[in-house]
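Colleague: Could you walk me through this model one question at a time?
Modeller: Gladly, have a look at it first.

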Amino acid sequence: MPSESMDTPVLLIIFNRPETTRQVVNALRDIRPTKMFVVADGPRTDFGVDAERCRLTRDVINEIDWDCVITKNYSESNLGCGLCPSRGISWVFEQVEQCIILEDDCVPHPSFFRFCTELLAKYRLDTRIMMISGNHHLLRPVSIEDSYCFSRLTQTWGWATWKRAWDYYDYDMFLWPELKTTRWLERLWGKGKISRYWEGLYDLFYADQNKDYWDFQWMLSCWTQNALTIIPDRNLVSNVGFDSAGGTHFLADPPPVARLPVAEMSFPLQHPRLVLQNIAADDQLLRDVYNQIPLGKQLVGKACRIIRRMGRRLDMTLSGRART
């Protein structure tokens, strides 16, 4: 057991999986946060086993045996995978200015907490950054020279943020109809398949009256502020829930990023000199996680078009000078 506790608040979002919840609580025991929030969704009425499994999951919270102030927000009805987390996070930020956020299937390495705590302090007032992720979902090698890099894509299987960032969260995506009439997505992602992909996806999300997700709205909220995500140079949190039969999003064939092993972060952290999107990292994430074409190819094509336009303008200028 460590000699010191951690003062950074932690939010744990739980539902009906006592087994994975206990794994997360055991990981928290290694760092002993002094302040915790627990948000619990209620049982689904059409799943007979939910009531008992929700009770057993909440009982796991009673196993916390270190000195910790625990504030609970337990729902008696089922809000779902969209409203429960989003309302829970908003509830937490009515009380604190920053927080580390874990769901009941996201098992962190102990060094994840120091990583988040140090970067929450470093970028507390830097509005270019809206979240710190514990996920390294780069399945193939990408050059990251420092302890972390910056991405346009939000990875929320264990993460941290500030109230000043979450204040921009828009669950219902009220701004989307106005945004899609602009060239905003093209400026963010370039013309072509990627921007069309996101536009089509967010059209569907906006029209969905029963949003059973919250994280895509969070990504859109980050994009509206032209903000970046911090992603570590190694994976610090493992999602162990895809093959858990009690989970809402149970998959018999989990994605490659499920159950990725975790590694210890090295300290002191080596900070990037420049706050810039790592295009190679986002290429990989778009290809492996979102199944889209590489962003780099689009940027290269755009650069070539700009160079050609500049070349034509230079030719015209030189021709004009030659005639005089």
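**Contacts, burial and helix packing**

Colleague: Leaving aside its neighbours within four places in sequence, which residues is Ser147 in contact with?
Modeller: This is a predicted model, so local features need pLDDT of at least 70 and side-chain atom pairs count only at pLDDT 80 or more, while totals for chains, interfaces and linings use all residues. Residues are numbered from 1 along each chain as its sequence is written, and side-chain values use heavy atoms, with hydrogens and water left out. Taking contact as heavy atoms within 4.5 Å, the partners of Ser147 beyond four places in sequence are Phe115, Pro232, Asp233, Met265, Ser266, Leu269 and Gln270.

Colleague: Is Ser147 buried or exposed?
Modeller: Ser147 sits in the loop between strand E6 (129-133) and strand E7 (148-151); helices (H or I, at least four residues) and strands (E, at least two) are DSSP runs, numbered from the N terminus. Buried means under 20% relative accessible area, exposed over 50%, partly exposed in between (1.4 Å probe, protein chains only). With a relative accessible area of 7%, Ser147 is therefore buried.

Colleague: How far is the backbone nitrogen of Gln270 from a polar atom of the side chain of Ser147?
Modeller: Gln270 is one of the residues in contact with Ser147. From the backbone nitrogen of Gln270 to a polar atom of the Ser147 side chain, the distance is 2.7 Å.

Colleague: With which side chain does the side chain of Asp50 make a polar contact?
Modeller: Asp50 belongs to helix H2 (residues 50-61), and it counts as buried because its relative accessibility is 1%. Not counting residues up to four places away in sequence, Asp50 touches Phe15, Asn16, Pro43 and Arg44. At 3.0 Å, the polar contact of its side chain is with that of Asn16.

Colleague: How do the axes of H1 and H2 run, roughly parallel to each other or roughly antiparallel?
Modeller: Axes are lines fitted to C-alpha atoms, for helices over the stretch in contact, and angles run from 0 to 180 degrees between N-to-C directions. Those of H1 and H2 come within 9 Å and cross at roughly 15°. Angles under 35 degrees count as roughly parallel, over 145 as roughly antiparallel, 65 to 115 as roughly perpendicular and the rest as oblique. H1 and H2 are therefore roughly parallel.

Colleague: Which residues of H8 and H9 make the contact?
Modeller: Helix H8 (residues 193-207) and helix H9 (residues 215-224) pack at about 125°, with axes 11 Å apart. That angle makes H8 oblique to H9. The contact is made by Trp198, Leu201, Tyr202 and Phe205 of H8, together with H9 residues Phe216, Met219, Leu220 and Trp223.

Colleague: How many of the residues of H9 are buried?
Modeller: The buried residues of H9 are Gln217, Trp218, Met219, Leu220, Ser221, Cys222 and Trp223. Their cover includes E6, strand E8 (159-162), helix H5 (163-166), helix H6 (176-180), helix H7 (184-189) and H8. H9 is largely enclosed by the rest of the structure because its buried residues come to 7 of the 10.

Colleague: What share of the 324 residues in the chain do buried residues make up?
Modeller: The secondary structure of the chain comes to 11 helices and 10 strands. Among contacts between residues at least 6 apart in sequence, 83% join residues at least 24 apart. Of the 324 residues, the buried share is 51%.

Key. A polar contact is a pair of N or O atoms within 3.5 Å; within protein, one must be able to donate a hydrogen and the other to accept it, and residues adjacent in sequence count only if both atoms are side-chain atoms.
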